[in-house]
Amino acid sequence: MARGAQKEQARQKAQKEAAKRKGGVSQLGARQAGLQIKCATCMSQMANYKLLVQHMEAKHPKDKIPTEESFSA
Ligand SMILES: [Zn+2]
């Protein structure tokens, strides 16, 4: 019985570590993608897409806000 419980613990631990690795990779990817966001109107660089939207609304309210997807390519 003890051996079976150990096996189950090891399986849960491996699942947890796999999920941790997965999350770490996607966070790194988002950080890298965030470096390429620039305002097309005044060429200011933004740290992330949310800041660009705020910037467009504040500085260029008449301009069309580009989609978040247009920066990830
Ligand atoms: Zn701008």
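Student: What geometry does the site of the zinc ion have, given angles of 104 to 120° among its four donor atoms?

Tutor: Start with the rule. Four donors are tetrahedral if all angles lie between 85 and 135 degrees; they are square planar, like six octahedral donors, if opposite ones are over 155 degrees apart and all others between 65 and 115; anything else is irregular. The ideal tetrahedral angle is 109.5 degrees. Here the site of the zinc ion is tetrahedral.

Student: What are the ground rules for the model?

Tutor: This is a predicted model, where local features need pLDDT of at least 70 and side-chain atom pairs count only at pLDDT 80 or more, while totals for chains, interfaces and linings use all residues. Numbering runs from 1 along each chain as its sequence is written, and side-chain values use heavy atoms, leaving out hydrogens and water.

Student: Which atoms coordinate the zinc ion?

Tutor: A donor is an N, O or S atom within 2.8 Å of the metal (3.2 Å for Na, K and Ca); water is not among the atoms, so sites may look incomplete. Cysteine supplies SG of Cys39 and SG of Cys42. Histidine supplies NE2 of His55 and NE2 of His60. The range is 2.0 to 2.3 Å. Along the sequence, the donor residues follow the spacing C-x2-C-x12-H-x4-H.

Student: How many disulfides does the structure hold?

Tutor: A disulfide is a covalent bond between the sulfur atoms of two cysteines. The cut-off is a pair of cysteine sulfur atoms within 2.5 Å. The structure has zero. Cys39 and Cys42 each give their SG to the zinc ion.

Student: Is Cys39 buried or exposed?

Tutor: Buried means under 20% relative accessible area, exposed over 50%, and partly exposed in between (1.4 Å probe, protein chains only). Cys39 has 0%, so it is buried. Cys42 has 36%, so it is partly exposed. His55 is buried because its value is 13%. His60 also has 13%, which means buried. Over the chain, 15% of the 73 residues count as buried.

Student: Where do His55 and His60 sit?

Tutor: Helices are DSSP runs (H or I, at least four residues), as are strands (E, at least two), numbered from the N terminus. His55 is in helix 2. His60 is in the loop between helix 2 (49-59) and helix 3 (69-72). The chain has three helices and zero strands, in the order α-α-α.

Student: What joins the side chains of His60 and His55?

Tutor: A polar contact is a pair of N or O atoms within 3.5 Å; within protein, one must be able to donate a hydrogen and the other to accept it, and residues adjacent in sequence count only if both atoms are side-chain atoms. This pair has one at 3.2 Å.

Student: Which residues does His60 contact, leaving aside neighbours within four places in sequence?

Tutor: Contact means heavy atoms within 4.5 Å. His60 contacts Cys39, Thr41, Cys42 and His55. By that count, Ile37 touches residues including Tyr49, Leu52 and Phe71. Ile37 lies in the loop between helix 1 (2-33) and helix 2. Its accessibility is 5%, so Ile37 counts as buried.

Student: What does UniProt place at residues 39-60?

Tutor: UniProt positions are given here in the model's numbering, with shortened feature names, and annotations may be inferred rather than shown by experiment. The unreviewed entry gives "domain: C2H2-type". In the model, this span is 50% helix and 0% strand, and its end C-alpha atoms lie 10 Å apart.
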